[in-house]
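Please look over the structure below with its side-chain contacts in mind. The briefing that follows takes up charged pairs and then aromatic rings.

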Amino acid sequence: MRNAEWGSRSVFAVCAGIVLVAISAIFLFVGLNAYQTFTVNHVRPQDFFFGTTWLPDDGQVGAFVLITGSIVATVFAVLVSTPISVGIALFVTEIAPVWARQFMQPVLELLTGIPSIIYGLIGLLVLVPLLANITATLSGGFAPGAAGFGIIAAVLVLTLMILPTITTISIDALGSLPQGLREASLALGATRWQTIRRTLVPAASSGIFTGVILGMGRAIGETLAVSFVIGSNSSSFPIRFTDTPPYVTFPPTSTITVQLLFDFKEAVAGSLGYNAIWTLAFILLTISFLLVVVSRRVAARGAYSAQGGSGRTGRQRGIFSSFTRAVAKGGAQ
Amino acid sequence: MSAIAERTPAVSPAPEPRAVRRDRARRVDKVMAGVLWGLAIVLVGLLASIILYMLVQGLSVLSWKFITAADLSGQYVGPEVFNTFYIIGLALVICVPIAMGAAIYLVEYAKQGPFVTAVRFATETLAGIPSIILGLFGFLVFVTVFGGGQPLCTPNAIPWQICYNGFGYSRLAGSLTLVILNLPLMVRVSEDALRGVPNELREASFALGGNKFKTVWRVMVPTALPALTTGVILTAGKMMGETAALIFTGGGNSPINGWFSLNPFIPGDTLTAHLYFLKAEGTVANATQIANGTATLLILLLLLFNLGLRYLAAALNRRLAGRRA
C-alpha cells in the first residue's frame, strides 16, 4: 500500500516537473541559438542592439529599429488602454446595475477570445483604409501608397486587444476590496466618484498595475494582428520628425515579433539571418520574463489580494480570472 | 487606511461654501457615471460591430460544401476544419492528463518548498511567453530535431539529436507546441477545480479508510469534473484562436491522400493558420473570398464555444453534482 502511494505521488510530481522542463528547455534552446550571432557570426553586441539597418542577407543585423518599434507600440497601447480599461472595470464593479454587470462578463470574454488574426484582419480591412483617408484629408488630398500602415494602426489594434486583460484584472482588484472601504467613504459624505477616485482606485492600485504589466506582456508578444497593420518596414523608425509640415509622420515600421514572423521561413539554418532571428527571439523572451517577475513583485505588494493564501499571485489570478469566476458560478463550489 | 483618512478632509485656503462644493461634487459624480456608462456602451458597440462585420463579410461564402469539402485548388476549407479539431483534440489528449497530474500534485501532495515555488514560477513564466517564441521553439524541437529528412541529421550531429524519419512539419508538432502553450492555463484550471472540492468530502473519504490516491481518484476528480470540463472547453477555445505557434510547426496544406486521415505525422494547417497563409502568400484563386469565409467560420465557432460553455457549465453542474447553477 505504501509503495502504491509513493508511485502515484511520483507520477503526479513528474507531471508538475514537465512544466519546469519545458521552461528550462525554452530558455536553453533559444539562448544557445541566440548566442551564436555573437560567437559564430562575430556580430558585435553594440552593432546588434544599436545598429539601425536590418538586412540579414547583406550581413547587417541592427535591431534598434525593431526594438524601438516593439517598445513604442507597447507603451502607447498601454497608455491608451489603461484609462479606458480601468474606467470599464469601475463601471462593472461600482456603477453598473446587476444586469449590466452580467452582460459585461461575456463581452469581455468574447473580446479575449477573438483570435488575434481576426483583429489583424479587421485592422487591415477597416482601420488602415480609415487612417489612410484621414491622412489624405489632413495632407490635402495626397497620401503615399502605404498610408495608414504604421504605428498608429498597430497601437489602436493592440489597445483593443489588451483591454480585456487589464479590465478583468482591475475588476478582480476592485472587487476584492473590503466593502467597509466603500461604506466608510460614503459615510463621510463622499459621492460615488469621490469614493472611486480617492479611496478605491488608490487601494486597488497594485492590482491595477499588475494588469497593466500583463497587458504590456500581451502587447509586446502580439504578432499576427500587428503584422497585418504595421507595414513591416524594418528600416524606418515608428515616428519621424521633419522640419517641414507635417513635422511628424508615422511611416510603416516593424517590430521584433513581426520580423520574427516574416524572416524566419526564409532564413537558412546556420546563416547569420537565422541566428540573428534567435537573438531577437531571446530579447523578446527576456523582456516577457522580466515583465512576469515585475508583475509578481507588484502583486505581492498589494494590501488587498483577491484570493489570500499562499502561492497565489496576481498574475495567476489575472490571466485566468474570468474563467475562475465562470467556474465559481457554474462549477464546484 | 490611515493615509486615505488623512487625505480626505482637503482643507483649501479659502473654503467655498459647503453647499457649492457639495453641488459640484454631485454634478461631477453624475458626469463621471455617465462617462463610465459611455465607455462600456462604446466597448459593447465595438464588439458587436466586429462580430457583425466579420459575419457580413463572409456569410455569403459559407455553405455546407465550403466547410466540409476539399479540393486541390483550395476553394473549400474542409481539411482545415478537420485539422483544427484534430490538432486541438490531440493537444488536449496530451495536455489534460499532464495538467491534471500537476494540479493534483500541487493541491494534494506538495508541501511548500523550493520545488513547488519553482513549479509555480515556471507556470507563470510559461504563461507569459509570447506564442511566436513557442512557435520557434516548437519548430526547433519538434520539427527540426525530432523531424525527419532535415539536413541537421548528419554523422557529426549533436549527440542528443534523434535521427529517425520522424515528424517534420506535422499535426503532431503543432499539437505538442499547443500543449506547451496551454499547459499553464490547464494547470491553473485544474487546480481551481480541485480546490473547489469541499474539504468535508476529502475528510469523509479519509475517515472511511481511503488512502490519498483513492481519495483523489474516487472523490476529488469526480466532484471536480464539471469545473474541469468547462476548463477543458475554455482551453480548447484558446487553442482554436492560436496562430503564431502553429505557422512554424503545423505546416501548410495536408497532402491530398491525408486530408481526412488520422495520421499525426503529416502537415496540416488549422483555420487560423490557413487564414494567415491566404493573406501572406495568397496564391489561391479567390483568396480574399476564402479568407473572409474562414474568418466568419472562426467567429461562429468562437461564439459557439463561448456561449456553449456557459450553458454546458450550468447543465453539467446540475447533472453531475446535483446542484442548481
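B:Arg188 and B:Glu191 both belong to helix 7 of chain B, where they stand 3 residues apart, about one turn of the helix; helices here are DSSP runs of H or I with at least four residues, numbered from the N terminus. The model is a predicted one, in which local features need pLDDT of at least 70 and side-chain atom pairs count only at pLDDT 80 or more, while totals for chains, interfaces and linings use all residues. Side-chain values use heavy atoms, with hydrogens and water left out, residues are numbered from 1 along each chain as its sequence is written, and chains are lettered from A and ligands numbered from 1 in the order in which they are written.

**Salt bridges**

- The side chains of B:Arg188 and B:Glu191 meet in a salt bridge at 3.9 Å, N to O, the term requiring a side-chain nitrogen of Lys or Arg within 4 Å of a carboxyl oxygen of Asp or Glu.
- B:Arg188 is buried at a relative accessible area of 4%, and B:Glu191 is buried at 2%, where buried means under 20% relative accessible area, exposed over 50% and partly exposed in between, with a 1.4 Å probe and protein chains only.
- Salt bridges that share partners join B:Arg188 and B:Glu191 with B:Arg120, B:Asp192 and B:Arg195 into one network.
- B:Glu191 also forms a salt bridge with B:Arg120, with the closest N and O atoms 3.3 Å apart; this pair links distant parts of the chain, since B:Glu191 is in helix 7 (residues 171-195) and B:Arg120 in helix 5 of chain B, 71 residues apart.
- B:Glu124 forms a salt bridge with A:Arg296, the closest N and O atoms being 2.9 Å apart, and the pair joins two chains because B:Glu124 lies in helix 5 (residues 114-128) of chain B and A:Arg296 in helix 12 (residues 272-301) of chain A.
- B:Glu124 is buried at 2% relative accessibility, whereas A:Arg296 is partly exposed at 22%.

**Aromatic pairs**

- The count over all chains comes to 24 aromatic pairs, a pair being rings of Phe, Tyr and Trp (its six-membered ring) with centres within 6.5 Å, counted as stacked if the planes are under 30 degrees apart, edge-to-face if over 60 and tilted for the rest.
- A:Phe29 and B:Phe137 form an edge-to-face pair, 5.8 Å centre to centre with 85 degrees between the planes, and both residues are buried.
- Ring pairs link A:Phe264, A:Tyr274, A:Trp278, B:Phe139, B:Tyr169 and B:Phe248 into a cluster.
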